[in-house]
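Work through the exercises below with the model open beside you. Try each task before you read its solution.

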Amino acid sequence: MLQFIARRLLITIPILFLASIITFLLVAKLGIPQQLENAMSKPNASPAAIRSLRNQFELDTPLFTRYTNWISHFVRGDFGLDGQRTNVRSDIWRAIQVTLRLLVFAQIMSVLLGIAVGLVSAIRQYTAFDYITTGAAFLFFSIPTAVLAGFLKVYGIVEFNRWARHPTMSQAVLVALLVIGALCGLALTKNRLRFSDRPQPKKLLLGVSAGIGIALGFIIVFKLGWDGNIYRKRNPKPLIATIGQASDRPPAEFFSRMLDYFWHLLGPSLTLILVGFAGYSRYMRASMLDTLSSDYVRTARSKGVSEGKVIFKHAFRNALIPLTTAVALDFGALLSGAIITERIFSWKGMGTFFSEALNLREPKPLMAFVMITAVMVVLFNVVADVLYARLDPRIRLD
Amino acid sequence: MTDIVPDKESVPGATVALDEREFTIEARAQWKTIIRRFLRHRLAVVSLVLLVLITIWAFFGPIFWKYDYFSLNTKQKSLSPSWDHPFGTDDLGKDGFSRIMRGTQRSLEIAIIVSIITTLMGVTIGALAGFYRGWVDSILMRFTDLILVIPLLVLVAVLSAGVPKAPWYTIPVLLGIFGWPLMARIARGEFLSLREKEFVEAARALGVGNRRIIFKHILPNLAGPIIVNATLTVSGAILLETALTFLGLGIREPEVSLGLLIQKGLPAYSTRPWLFWFPAMAIVLVSLCVNFIGDGLRDAFDPKQNRVRA
C-alpha cells in the first residue's frame, strides 16, 4: 500500500512540473500586470517608478530565468510577493481557511443529504418520492451556479430577512403550511416501507400526525418564536448575512463567533449543498440500484435475512464505495474554490483570490493558486484510489 | 365455443389453438430498438420536442420579430414586459425578447461547438490509447492527467483573459480543446475491453487491418456512451459558458449569450427583475431539456435495461 502511494506520488511529480511550466507561460502571456499599466497610463508617470515596477515583476528578465527563479523558491515554500509587496503565502493561506470552512460544511451536508435521498429513492424506485427527488436533482444540475446563488440570495435570503423583521403570517398561509406539512408526512409514510416485513401500524394516522407535527413546529418556530425575538432587537443587522464570510469585527467570544460564522455560511453553503445534492443523490441511487440487483443481495434475501439487514448490511455499505471515491475527487477539485458562489456572496476565499489575481494579472498569486489547486487535485486522486482499494477487497493496488 | 378446444388427453401437447401458436418474428434492427426505448421515456421525448421548438424559435424567430437585439431606443428604456416587448427592455432600450432569442442561439451554437470538439478529440485520443496500449497509452493518458490537473474553468479563464478581444467562438473552441479528458477516458475504457472480444479476434484472424477494426468493428459499439456523453457535454458547456461570462471572461458585448444576459440582469434584480428572470428561465429550460434527453438516451442505449418505465 505504502509502495503504491509512493509510486503514485512519484508519477505525479513530472505532471505537476509540466503543468507549472504551461501555466507559467500562460500567465506570462496574460500581459503586463494591472498595477504597471495603471502606473504607465498616468500622465505624469515617472520613469523611475515604472522601472522599479518592471523590476519588481521581473519583466526584463528572460522567461526561462524567471521560471527557474520562481520554481526554486516555490518548492521551498516561498510563494513570493504580490504587487503590493505582501506575502502571497499568508494571503493564500487565509483564503484556503475561508474556503475550507465553506467547503467542509457544504460537502458534509450535501453528501449526507445525497446519500439519504439516493438510498430512499432507490429502495422505493418509481414512487412519488423517487420522481420528486429525481426532478429536483435534474433541476439543480441544470441551473447555472450564478443563477442559483443569485436567486437564493436576492429572492430567498433578502426576502426572508425582510420578513423576519416583522414575522406575521396570514391565516391562508398558515393553513397552506399545515396542508403542505400534512402532505409531506403522508408522502413519507404512505408508500410501502420496505425496511421490515411487518405491516406498518396505522400508516395514515402516522402520516397525518407527522405532517401536522412538522407544520406546527414550523409555525411555532416562526410565528411565536420570532415575535419576541431578543436577537433581532439587539441586532439591527439582517439575520442571515449575504455579504462576506464573517462580520467585519467578529465577536471575540467563541460561541457567538461560531454563530456569526454560521449565519454567514448559510447562503453560499445552501447553494453548494443543492448542487452537490443533485449529483450525489443520483450517484447514490444508481449505485444502490446496482447493488440491489446483484447476486449477493439475492443470496442474502433467499437465505431469509430480514429486509432491513439486507439493505443496510449487504447493499448499502457496498453501494457507498463508488460514492466515497467520487466525494474524494470532488473535494480536491472544489478546493479551487466555488468561484461563482464566492463572488456572489462576496466571500474572500480561494475563488475570489483567483479572480482578483486574474483581474490584476499578478503572476505570483496566480501561480500559487494554480499550483496549490493542482497539488490538491493530484493528492485527492491518490486518496480516492487508496480509499477504493481499502473499501473494496476485490481491487488490488499494483 | 368450448367444444372446439381440444381435449388435453386426446391431443397431447396441443393446449393452444394452432393459429395462436403461429406468429411471425419481425427482425428488428438495433437502432429501431433504441428509438423505441427512447420513445418510451416520455419526459425525454417531450424535452426533445421542446428543444427543437426552442431551437427553431431562437434561429428563425429574429427574422420575423419586429425588433433587433442591438438597436438602442432611448424612448423605451427599462420597460416592464408588455405585449409590445414580451420580455421587457433593458436600460438602453434594447428589446429583451430579441436579445433572449439571440442569446439562446449563441448559447446553443457554443454548446454544439464544444460538444463536437470534445467528442472528436476525446474519442480519437481514447481510441488510440485503448487500442494500441503500451507506450501510446502511457503518453496519452499522462497527457490527459496533465490537463485534468488544472480545473477547466480556471484554465479557460486564464487563457481567455490573455486574449481580451477574441471573437465569440474562441470560448467554445477553448472549452472543447481542454474539455475532452472525460470522453477520452470513457472511450479508452470501452476500447480496452472491446479489443479483447471474440469478434475483434475473428476480424483479425480474417486479416482485417487495424484501421478497419477500429472504425468498422469497435467504434460502432461505442455509439451509446459517445452519444450520451456528447449530449451531456452540451448542457455542461452551456453552464460553463454562463460561469465564464459571469466572471467577465466569456462572451463580451456586443455579442449576446444567455450567460451575458444573466450577468447583466442579476445586478438589476430589484428594479428590473425581468432582465434576470427571463434569461434564467431560458437557460434552465434549455439545459433541463438537454439533460432529460441525455437521460433518455442513456436508458435507450443501456442493453441491460429492458423494463418498461412506469
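Contact here means heavy atoms within 4.5 Å. This is a predicted model, in which local features need pLDDT of at least 70, side-chain atom pairs count only at pLDDT 80 or more, and totals for chains, interfaces and linings use all residues. Residues are numbered from 1 along each chain as its sequence is written, chains are lettered from A and ligands numbered from 1 in the order in which they are written, and side-chain values use heavy atoms, with hydrogens and water left out.

**Exercise 1. The contact between the chains**

Task: Find how many residues chain A and chain B bring to their contact, and describe the side that belongs to chain A.

Solution: 
- Step 1. Count the residues. Chain A gives 39 residues and chain B gives 39 residues.
- Step 2. Take the area. Buried area is the accessible area (1.4 Å probe) that two parts lose on being put together, summed over both. For chain A and chain B this comes to about 3,400 Å², with 80% on carbon and sulfur atoms.
- Step 3. Find the top contributors. A:Tyr126, A:Phe138 and A:Tyr155 supply 17% of the area that chain A buries against chain B, more than any other three residues.
- Step 4. Look for salt bridges (a side-chain nitrogen of Lys or Arg within 4 Å of a carboxyl oxygen of Asp or Glu). There are zero salt bridges between chain A and chain B.
- Step 5. Look for polar contacts. A polar contact is a pair of N or O atoms within 3.5 Å; within protein, one must be able to donate a hydrogen and the other to accept it, and residues adjacent in sequence count only if both atoms are side-chain atoms. Three residue pairs, with both residues at pLDDT 80 or more, are in polar contact between chain A and chain B.
- Step 6. Name the helices. Helices (H or I, at least four residues) and strands (E, at least two) are DSSP runs, numbered from the N terminus. On the side of chain A that touches chain B, α1 (2–29), α6 (128–140), α7 (145–165), α14 (339–344), α15 (350–360) and α16 (363–391) of chain A each supply at least two residues. The most come from α1(A), with nine residues.
- Step 7. Sort by type. Ala, Val, Leu, Ile, Met, Phe, Trp, Tyr, Cys and Pro count as nonpolar, Asp, Glu, Lys and Arg as charged, and the others, Gly among them, as polar. This side of chain A divides into 30 nonpolar, six polar and three charged residues.

**Exercise 2. The cores**

Task: Which residues have the most contacts inside the largest nonpolar core?

Solution: 
- Step 1. Set the rule. A nonpolar core is a set of buried Ala, Val, Leu, Ile, Met, Phe, Trp, Tyr and Cys residues joined through side-chain atoms within 4.5 Å. Buried means under 20% relative accessible area, exposed over 50%, and partly exposed in between (1.4 Å probe, protein chains only).
- Step 2. Read off the residues. The largest core has 112 residues, and A:Phe354 and A:Leu358 have the most contacts inside it.
- Step 3. Find the main supplier. Helix α13 (residues 274–301) of chain B gives the largest share of this core, 11 residues.
- Step 4. Follow A:Leu358. Not counting residues up to four places away in sequence, A:Leu358 touches A:Leu30, A:Leu366, B:Ala157, B:Val158, B:Ala161 and B:Leu249.
- Step 5. Look elsewhere. Another core, of 18 residues, lies apart from the largest one; A:Ile115, A:Ile123, A:Ala300 and A:Val310 are among its residues.

**Exercise 3. Backbone exceptions**

Task: Where is B:Pro254 found?

Solution: 
- Step 1. B:Pro254 is in the loop between α11 (223–246) and α12 (258–265) of chain B.
- Step 2. Check its bond. A cis peptide bond, with omega about 0°, joins B:Glu253 and B:Pro254.
- Step 3. Recall the background. Most residues other than glycine have a negative phi, and most peptide bonds are trans.
- Step 4. A:Glu58 has a positive phi, near 55°.
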